Amino acid sequence: MPSSSDSVKVAVRVRPFNQREKNAGSKCVLSMNGSTTVITNPENNDKKTFSFDHSYWSHDSSREDENGVFVPDSSNSNYADQRRVFSDLGQGVLDNAWQGYNAALFAYGQTGAGKSYSMIGYGPNKGIVPITCEELFKAIEDNQDKTKQLQVSFSMLEIYNEQVRDLLVKTKPQAGGLKIRQNPQTGFYVEGLKQVPVRDYNEIEKLMEQGTVNRTTASTNMNATSSRSHMVITIRFAQVFKNADGQSNTRSSDINLVDLAGSERADSTGATGDRLKEGSAINQSLSTLGNVISALADLAMGKKKVLVPYRDSVLTKLLQSALGGNSRTIMIAALSPADINYDETLSTLRYADRAKKIQNKAVVNES
Ligand code: ADP
Ligand code: MG
């Protein structure tokens with residue numbers, strides 16, 4: 001069965017200044033050229049250079065057309081609109097899915113840096129998840145034939161305080177959340193999670209809307225913001241081939257799309273008491289993700305006897321295959337351009353730099 005060893009692909013993407021930063025006269029600490037991203041310490045002008053698979057710029061003067069869609073600024077070759085991000089990253093996810101490889105896409109970064117914009121998007125500026133789903137169904141339309149059946153299903157969950165909640169279910173979450181179980185063959189999964197069969201893009205769009213509303217209501221009820229929870233969308237794509245002898249075989253791919261909680265530390269947001277407890281529990285998934293990434297990077301650098309702490313958090317249990325396992329994985333690190341966010345932005349760049357060392361072992365899923 002075909003397999004391949006591939007490193008995690010990493011893209012960094014800087015958002016434009018927001019109005020508040022413009023009003024405050026914020027300085028830009030980032031510059032990009034080709035695959036290179038340079039960050040300058042606003043206090044001493046110390047520069048650090050990083051290299052990634054993609055470095056995406058959003059020009060400060062990004063303009064909108066009459067439909068509210070951002071107009072690309074062609075003066076900067078690193079400029080990337082949502083379409084470019086899709087064609088660089090999402091298209092590959094789709095090609096992999098047809099070949100039977102699992103894929104995962106993570107968005108990492110501090111709150112407000114552009115994770116949800118990149119993943120889901122806002123209004124007419126659709127993000128990589130909706131564009132990828134739309135393109136998947138276009139390709140399915142073009143690939144209809146009698147020898148195979150194409151199936152797509154969709155699930156959407158949230159991890160908050162180390163508890164799992166089904167975002168496609170309206171009812172109040174059960175105390176303690178959904179249970180995580182382990183299948184000796186396929187690994188960890190969420191018991192009772194709704195996996196909804198979908199026939200076209202509109203159905204996915206509706207589910208995604210419903211899930212997004214549920215995520216926001218839940219966070220309002222819990223007196224928190226969605227920036228403290230992790231959202232995981234899983235698209236399962238299966239091709240069932242019918243052979244002449246009446247037998248069939250299935251090629252399948254799980255696509256995991258993850259909008260992570262904000263990476264800023266609880267102490268930097270001034271949280272105390274209950275909020276801090278929430279913060280640290282959320283950090284349990286996020287900091288375990290960091291530890292898993294560091295351990296995998298060490299392994300890839302040849303270090304021996306490294307324990308990868310997948311079992312230390314819900315997030316890393318559920319996404320074990322995406323991290324060093326059977327998946328082709330991409331990380332988008334979202335960056336703020338502003339000098340006041342220098343520390344967080346540098347820490348995001350370092351995180352992304354570790355992630356690119358991870359080696360995965362993708363295998364075609366065929367049975
Ligand atoms: P996060 O999910 O990381 O908290 P958001 O994705 O909600 O952050 O982004 C914060 C704000 O910045 C939003 O208003 C969003 O529209 C805007 N934004 C983020 N990234 C971009 C981008 N690449 N181009 C234009 N606007 C962006
Ligand atoms: Mg967000």
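**Note on the predicted model and its ligand shell**

1. Helix α3 (residues 115-119) is the largest contributor to the shell around ligand 1, supplying three residues. Helices (H or I, at least four residues) and strands (E, at least two) are DSSP runs, numbered from the N terminus. The shell comprises 17 residues, of which R15, G114, K115, S116 and Y117 are the closest; a residue counts as near a molecule if its C-beta atom, placed from the backbone, lies within 6 Å of it.

2. Residues are numbered from 1 along each chain as its sequence is written, and chains are lettered from A and ligands numbered from 1 in the order in which they are written.

3. Confidence: the protein chain has a mean pLDDT of 88, with 87% of its residues at 70 or more; pLDDT is the predictor's confidence in each residue, from 0 to 100. Residues 267-272 have pLDDT below 50, and this stretch makes four contacts in the model beyond near neighbours in sequence. Two residues are in contact if their C-beta atoms, placed from the backbone, lie within 7 Å. The model scores are ipTM 0.99 and pTM 0.91.

4. The annotated site: an unreviewed UniProt entry places the feature "binding site" at G109, Q110, T111, G112, A113, G114, K115 and S116. Such positions are given in the numbering used here, feature names are shortened, and annotations may be inferred rather than shown by experiment. G109 lies in the loop between β9 (103-108) and α3, and is buried because 29 C-beta neighbours fall inside 10 Å. Beyond four places in sequence, the contacts of G109 are G114, K115, S263, A333, A334, L335 and T348.

5. T111 is also placed in the loop between β9 and α3. T111 is partly exposed, since 18 other C-beta atoms lie within 10 Å. The cut-offs are 20 or more other C-beta atoms within 10 Å for buried, 12 or fewer for exposed, and partly exposed in between, with C-beta atoms placed from the backbone. With residues up to four places away in sequence set aside, T111 touches S227, G262 and E264.

6. Overall fold: the protein chain contains eight helices and 21 strands, and 39% of its 367 residues count as buried. The largest nonpolar core has 78 residues, among which L105, V258, M331 and A333 touch the most other members. Helix α6 (residues 273-300) gives the most to this core, with seven residues. A nonpolar core is a set of buried Ala, Val, Leu, Ile, Met, Phe, Trp, Tyr and Cys residues joined through C-beta atoms within 7 Å.

7. Backbone geometry: most residues other than glycine have a negative phi. N161 has a positive phi, near 55 degrees, and E162 likewise has a positive phi of about 65 degrees. N161 lies in the loop between β12 (148-160) and β13 (163-166), and E162 is placed in the loop between β12 and β13.

Note on methods
This is a predicted model: local features need pLDDT of at least 70, side-chain atom pairs count only at pLDDT 80 or more; totals for chains, interfaces and linings use all residues.
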